[in-house]
Amino acid sequence: TNNKKKTVVKQVPHGRAYIQATFNNTLVSVTDQNGDVLGWASSGMVGFKGPKKATPYAAGQVVKKVVEAIKEYNVKEVSVFIKQKLNIVFLINYLQ
């Protein structure tokens, strides 16, 4: 007898993407409307090390990995929430 259970993947038409960008790393997670995580990735997971983890190219690769991870949920729309850590003193000194 074959007692394997079928895994039912819920369909999520609308999700939420949370992006946390720091000077050291980039984290992206996608959740459903209830806050249950569907998939996540960081630049370290993609294979970047050291200061290369905080580059825009690394962030793009992280998004690609998350999109691959959530394909099975058929997410059609995503609301994006960005949390960015900025050193205000550094920014003010840079602008002067």
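Which residues are linked in a network of salt bridges? Please start there, then go on to the parts around it.

A: The model is a predicted one. The network of salt bridges links Lys 10, Asp 32 and Asp 36. The structure holds two salt bridges, and Lys 10 takes part in the one with Asp 32 and in the one with Asp 36.

Take the pair with Asp 32 first. The side chains of Asp 32 and Lys 10 meet at 2.7 Å, N to O. Asp 32 has a relative accessibility of 5% and counts as buried, because the cut-off for buried is under 20%. Lys 10, with a relative accessible area of 39%, is partly exposed.

The other salt bridge joins the side chains of Asp 36 and Lys 10, at 3.9 Å, N to O. This distance still counts because the limit for a salt bridge is within 4 Å. Here too the pair links distant parts of the chain: Asp 36 is in the loop between strand 2 and strand 3, Lys 10 is in the segment before strand 1, and they are 26 residues apart. Asp 36 is partly exposed, at 41% relative accessibility. In general terms, side chains of opposite charge can pair when their charged atoms come close.

Thr 26 is buried, with a relative accessible area of 6%.

Val 62 leads on to helix 2, where Val 62 is buried along with Ala 58 and Val 66. Seen down the axis of helix 2, the buried residues fall within an arc of 80°, so they line one face of the helix. An α-helix has 3.6 residues a turn, so residues three or four places apart point the same way. The buried residues of helix 2 pack against strand 2, strand 3 and helix 1 (43-46). On the other side of helix 2, Pro 56, Tyr 57, Lys 64 and Glu 68 are exposed. As for length, helix 2 has 14 residues (residues 56-69) that should span 20 Å at 1.5 Å a residue, and its end C-alpha atoms are 20 Å apart, which agrees.

That leaves the aromatic rings, for which a search of the whole structure finds two pairs. Tyr 18 and Phe 81 are stacked, with 5.1 Å centre to centre and 20° between the planes. Tyr 18 is in strand 1 and Phe 81 in strand 4 (residues 77-84), so the pair ties together parts that are 63 residues apart in sequence. Tyr 18 counts as partly exposed at 33% relative accessibility, and Phe 81 is partly exposed at 37%. The rings of Phe 48 and Tyr 57 have their centres 6.0 Å apart and their planes at 80°, so this pair is edge-to-face. Phe 48 counts as buried, at 19% relative accessibility, whereas Tyr 57 counts as exposed, at 55%.

Definitions and conventions. Residues are numbered from 1 along each chain as its sequence is written. This is a predicted model: local features need pLDDT of at least 70, side-chain atom pairs count only at pLDDT 80 or more; totals for chains, interfaces and linings use all residues. Side-chain values use heavy atoms; hydrogens and water are left out. Buried means under 20% relative accessible area, exposed over 50%, partly exposed in between (1.4 Å probe, protein chains only). Helices (H or I, at least four residues) and strands (E, at least two) are DSSP runs, numbered from the N terminus. The expected span of a helix is 1.5 Å times one less than its number of residues. The arc is that of the directions from the helix axis to the C-beta atoms. Contact means heavy atoms within 4.5 Å. Rings of Phe, Tyr and Trp (its six-membered ring) pair if their centres lie within 6.5 Å; planes under 30 degrees apart count as stacked, over 60 as edge-to-face and the rest as tilted.
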